[in-house]
Amino acid sequence: MNVYIMTDMEGISGINREEQCKSESDEWRRSLPLMEAEFNAAIAGAATGGARRIVLNDAHGGGENIRLAEMDSRAEYERPLGGGNMMPALLDGKFEIGFHIGAHAMSGTQDAFLDHTQDSVNWHNYWVNGEKWGELAQFAAYMGHFDVPLVLVTGDEAACAEARALLGKDVETVAVKIGLGRRHARCLAPSVAHEKVQEAAARALRQKDRIKPFKVKLPAEVVVEFNSTSTADNVAALPGIERVDARTVKKIAQSARELVGW
Amino acid sequence: MKRIYIVVDMEGISGVRLAEQCACDTPAWREARPWIASDVNAAVSGAFSAGAEEVVVCDAHARGNNLPLDLIDPRVLLEEAFEHQLLPGISEEFAGIFVVGAHARAGTPAAFQDHTWNQESWYRFTLAGDQCGEIGMWAAYAGHFSVPLLMVTGDAAACREAEDFVPGVQAVAVKEAICRDRARTIHPRAAVNLIASAAEQSVKRVSGIEPARVDLPNEVEVEYTKTEFADEAARRIGAERVDSRTVKRELGSTLDLIKGF
């Protein structure tokens with residue numbers, strides 16, 4: 001069985017200050033071992049559960065969040081392709097299941113640590129076919145595009161609740177922290193969190209058939225409401241974008257690949 | 001004695017046509033400061049021509065200190081806004097207020113620098129169930145003292161907003177937005193006569209304009225751009241959390257319009 005692991009930083013245990021998520025800051029550098037250990041716990045759990053091939057996509061801030069020498073050698077490493085292509089490179093191999101480790105809740109979620117969708121400065125709300133979405137739904141839809149079910153989500157309690165609401169109660173979730181407002185969190189001890197993540201990863205492989213791939217209905221209507229009219233001015237100048245109001249733009253996505261990006 | 005109170009913002013000043021010209025302490029802002037004086041002086045001269053005997057000018061842009069005093073008409077008194085004291089020196093003794101350099105509220109299409117109070121943290125401000133911008137706030141605040149909004153200068157969107165809020169207000173559109181960060185403006189020297197004559201007319205026919213009234217008690221609500229700003233505002237006494245990013249407060253006095261947000 002081949003496992004694809006999407007990752008983010010906000011939902012990693014031990015991360016409880018915004019500065020820790022700012023790439024290249026001192027706080028971020030000090031936090032790298034927390035991320036590496038939690039990613040490794042997921043890799044170890046997948047391996048224990050019988051995974052043959054494991055690929056880890058280091059997605060926070062475009063990648064480079066772990067030191068490769070510290071990564072469990074049973075996994076392969078990749079980072080997002082960039083250049084507006086948000087879709088992970090799932091095509092290059094056949095995968096049966098997906099994980100999302102370190103997830104955060106969608107923009108506008110109360111008591112969620114660093115809730116945001118895509119871009120915490122500019123994005124206010126994001127809808128697909130009239131449903132409010134976060135990054136979790138995007139990843140689930142990317143995986144679903146290749147018929148890969150998202151079977152395990154770890155992060156704060158709000159991200160886990162979002163995963164259950166989106167994917168059903170059978171999705172494996174591990175809440176490693178609870179948001180106390182947007183900028184504070186109460187965390188499990190990282191060692192306890194790693195144990196739980198590893199167990200859940202192994203269990204998720206055994207129960208993979210309980211979760212169906214998440215399919216977005218296409219063509220999909222994608223609406224983004226920005227915080228500032230300036231951002232909408234710039235985006236509305238691009239081809240295929242319709243202006244809904246001062247701060248809102250709309251486009252039609254013909255494929256799951258087009259759910260994000262202009 | 002006839003007194004006029006002038007609130008000054010920067011986004012709607014003639015000649016200001018780039019977002020960066022409104023960012024305090026930048027070279028672009030320094031270049032634009034004399035145009036504030038030119039628009040303000042035009043309004044001041046109109047008020048005096050119409051018989052005003054005292055004119056107070058309040059600098060309400062960002063943290064203040066935008067008016068180049070050496071260029072300002074020496075007949076005026078100058079003051080700065082402070083926190084929720086939107087118009088510190090206003091009282092029942094004023095015949096009317098002007099807003100010079102106004103911009104439209106957050107979320108207005110085709111408006112130069114649309115925002116309400118804080119462009120980083122405020123997404124939408126609602127007064128008595130209706131969206132309200134800074135023009136409405138100032139008009140309502142002055143209305144508490146039975147003082148009407150007589151004249152507004154700014155971009156075309158700000159003028160439309162003022163006319164909606166206060167029917168009959170004198171509105172002088174000195175520019176039009178191209179997008180949020182760029183505008184097409186008339187020259188500051190061309191704005192002088194327009195503003196001065198609108199100011200003079202508005203003071204002469206002051207009796208035709210009603211002060212803006214807010215039925216009390218009422219409600220005010222801010223939807224923030226991020227949850228963390230609502231986390232903070234929701235902790236203050238009297239705040240009610242409406243949803244993740246929205247906080248509501250009871251409004252007992254129009255002087256407390258933005259207090260606690």
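**A helix pair and its surroundings**

Analyst: In chain A, helices α1(A) and α4(A) run roughly parallel to each other. This is a predicted model, and what follows should be read on that basis. Two packed helices are described by the angle between their axes and by the distance between those axes. Here the angle is about 30 degrees and the axes lie 7 Å apart. Angles under 35 degrees count as roughly parallel, so the description of α1(A) and α4(A) as roughly parallel follows from their angle. The two helices cover residues 26–48 and residues 190–206 of chain A, respectively.

The crossing of α1(A) past α4(A) is right-handed. On the α1(A) side, the residues that meet the partner helix are Leu34(A), Ala37(A), Glu38(A), Ala41(A), Ala42(A), Ala44(A), Gly45(A), Ala46(A) and Thr48(A). On the α4(A) side they meet Pro190(A), Ala193(A), His194(A), Val197(A), Gln198(A), Glu199(A), Ala200(A), Ala201(A), Ala202(A) and Leu205(A). By class, the residues of this contact divide into 13 nonpolar, 4 polar and 2 charged.

Another helix of chain A, α5(A), spans residues 229–236, and its buried residues are Thr229(A), Thr231(A), Ala232(A) and Asp233(A). The cover over these buried residues includes three strands of chain A, namely β10 (220–226), β11 (242–245) and β12 (248–253). It also includes a strand of chain B, β8 (170–179).

For the chain as a whole, chain A contains 5 helices and 12 strands. Its radius of gyration is 17 Å, which agrees with the value near 18 Å that a compact globule of 262 residues would have. Taken along the principal axes, the C-alpha atoms of chain A fill a box of roughly 50 × 40 × 35 Å. Of the 262 residues, 51% count as buried. Among contacts in chain A with a separation of 6 or more, 67% are between residues 24 or more positions apart.

Chain B can be described in similar terms. It has 5 helices and 12 strands. With 261 residues, a compact globule would have a radius of gyration near 18 Å, and the 17 Å of chain B agrees. The C-alpha trace of chain B spans about 50 × 40 × 30 Å along its principal axes. Buried residues account for 54% of the 261 residues in chain B. Of the chain B contacts with a separation of 6 or more, 68% come from residues 24 or more positions apart.

Tyr5(B) sits in strand β1 (residues 3–8) of chain B. It counts as buried because it has 28 C-beta neighbours inside 10 Å, and 20 or more is the cut-off for that class. Leaving aside neighbours within four places in sequence, Tyr5(B) is in contact with Val56(B), Cys58(B), Leu87(B), Gly89(B), Ile90(B), Phe94(B) and Ile97(B). Between Tyr5(B) and Val174(B) there are 169 residues in sequence and 20 Å in space, C-alpha to C-alpha.

Methods: Residues are numbered from 1 along each chain as its sequence is written. Chains are lettered from A and ligands numbered from 1 in the order in which they are written. This is a predicted model: local features need pLDDT of at least 70, side-chain atom pairs count only at pLDDT 80 or more; totals for chains, interfaces and linings use all residues. Helices (H or I, at least four residues) and strands (E, at least two) are DSSP runs, numbered from the N terminus. The radius of gyration is taken over C-alpha atoms; the globule rule is 2.2 Å times the number of residues to the power 0.38. A residue is buried if 20 or more other C-beta atoms lie within 10 Å of its own, exposed if 12 or fewer, and partly exposed in between; C-beta atoms are placed from the backbone. Two residues are in contact if their C-beta atoms, placed from the backbone, lie within 7 Å. Axes are lines fitted to C-alpha atoms, for helices over the stretch in contact, and angles run from 0 to 180 degrees between N-to-C directions. Angles under 35 degrees count as roughly parallel, over 145 as roughly antiparallel, 65 to 115 as roughly perpendicular and the rest as oblique. A crossing is left-handed if the near helix is turned anticlockwise from the far one by less than a right angle, and right-handed if clockwise. Ala, Val, Leu, Ile, Met, Phe, Trp, Tyr, Cys and Pro count as nonpolar, Asp, Glu, Lys and Arg as charged, and the others, Gly among them, as polar.
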